[in-house]
Amino acid sequence: MTTLGAVWLGCFQPVAAEPASGWPHGARAAVSLAYDDALDSQLDHAIPVLDKYGLKGSFYLQLSSPVVGRRLAAWRRAARRGHELGNHSLFHQCSLAAPGHDWVQPHRNLDTTSAAQMQDQVLAANAMLYAIDGRRERTYTVPCGDRLAGGAGGVDYLPLIAPAFVAIKAGGGDGVTAPMAALDPYAVAVLAPQGLSGQQLIAIVERAAQQGGMVNLTFHGVGGDYLGTSPAAHEELVRYLAAHRRIYWTDTFINIMTYVKKHKPWPPSKT
């Protein structure tokens, strides 16, 4: 995997006394609202709120999920409305040996799955997504952030699949990427909120604006399912972003990363 972490020389002139920003229309930060695992609550609560406020999200589908087949028409409608359908693998392989992963099914254990098998399955998932939305370009979110196929001492499978993707969300963090000059598009850190209030979520995006960076929030359940965020907290965040469009460029992850890769070099941070 090529790390694009070299210092990117500035090509945009920052506004005096503000963090450097190369975002469209002078926005101070880019915001990616993402949703993992193809859950009913995302179709029932998250997408209607995004549509209500005119914002676009990225939905990472586990293609073996019954919710994909059972509600295929709804996912297709979401794609037609401009939401991104991303790749979250066929079977959501995670490491059974990782702390707190006793829920991982043995036949879907990344520790006993080879890197070549993961490559085959992820690329097959891309083909299935094309059958849903007719799009070729795609981004990927690594299930659980687990990258080593075959267990301890195994092989990082991301370099095998990276050529098939515009960008990859691959690890945990506080959700904020800053400075942008340090970004690796194939290992973008994300925060998976659970139980945070609307004000706590807003504080995260405000910090990204202060630093002129990017924020990646990956939700799971919204008003249902698991790893939940309340509908009220989610809508409070979406409403805030919609009301402050001049500060926050909220878009799909694929659109944000396509822009980032097209417009590098990126201005160095002043913070």
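In which sense do strand β4 and strand β7 pair, and over how many bridges? Strand β4 (residues 139–141) and strand β7 (residues 167–172) pair in the parallel sense, over three bridges. The model is predicted. Its chain holds eight helices and 11 strands.

**The chain as a whole**
- Of the 271 residues in the chain, 52% are buried.
- The accessible surface is about 11500 Å². Carbon and sulfur atoms account for 55% of that surface.

**Strands around β7**
- In β9, Val190 stands opposite Gly172.

**Helix α1**
- Helix α1 covers residues 40–53, which is 14 residues.
- At 1.5 Å a residue, α1 should span 20 Å, and its end C-alpha atoms are 20 Å apart, so the two values agree.
- The helix bends by about 30 degrees at Ala46. A proline, Pro48, follows within four residues.
- Buried residues of α1 include Leu43, Ala46, Ile47, Leu50 and Tyr53.
- An α-helix has 3.6 residues a turn, so residues three or four places apart point the same way.
- The buried residues of α1 pack against several elements, among them β1 (29–36), β2 (58–61), α3 (72–80) and α7.
- Just after α1, Gly54 takes a positive phi of about 70 degrees.

**His234 in helix α7**
- His234 lies in helix α7, which covers residues 231–243.
- Is His234 buried or exposed? His234 has a relative accessible area of 1%, so it counts as buried, a label that needs under 20%.
- Ala46 and Val49 are among the residues that His234 touches. Others include Tyr35, Phe219 and Val222.

**Nonpolar cores**
- In soluble globular proteins, nonpolar side chains tend to be buried together.
- The largest nonpolar core has 44 residues. Leu33, Phe59, Leu61, Trp75, Leu237 and Leu241 touch the most other members.
- Apart from that core lies another, of 18 residues, with Ala30, Tyr60, Val166 and Met257 among them.
- Leu61, in the largest core, touches residues including Ala38, Val68, Trp75, Leu85, Leu129 and Ile132.

Note on methods:
Residues numbered from 1 in each chain as written. Predicted model: local features only at pLDDT ≥ 70, side-chain atom pairs only at ≥ 80, totals over all residues. Heavy atoms only, no water. Helix = DSSP H or I, 4+ residues; strand = E, 2+ residues; numbered from the N terminus. Buried < 20%, exposed > 50% of the residue type's maximum accessible area, 1.4 Å probe, protein only. Areas by Shrake-Rupley, 256 points an atom, 1.4 Å probe, with all protein chains shown as cover. Contact = heavy atoms within 4.5 Å. Core = buried A, V, L, I, M, F, W, Y, C linked by side-chain atoms within 4.5 Å. Pairing = 2+ DSSP bridges. Expected span 1.5 Å × (residues − 1). Bend = angle between axes of the 7 residues up to and from the residue.
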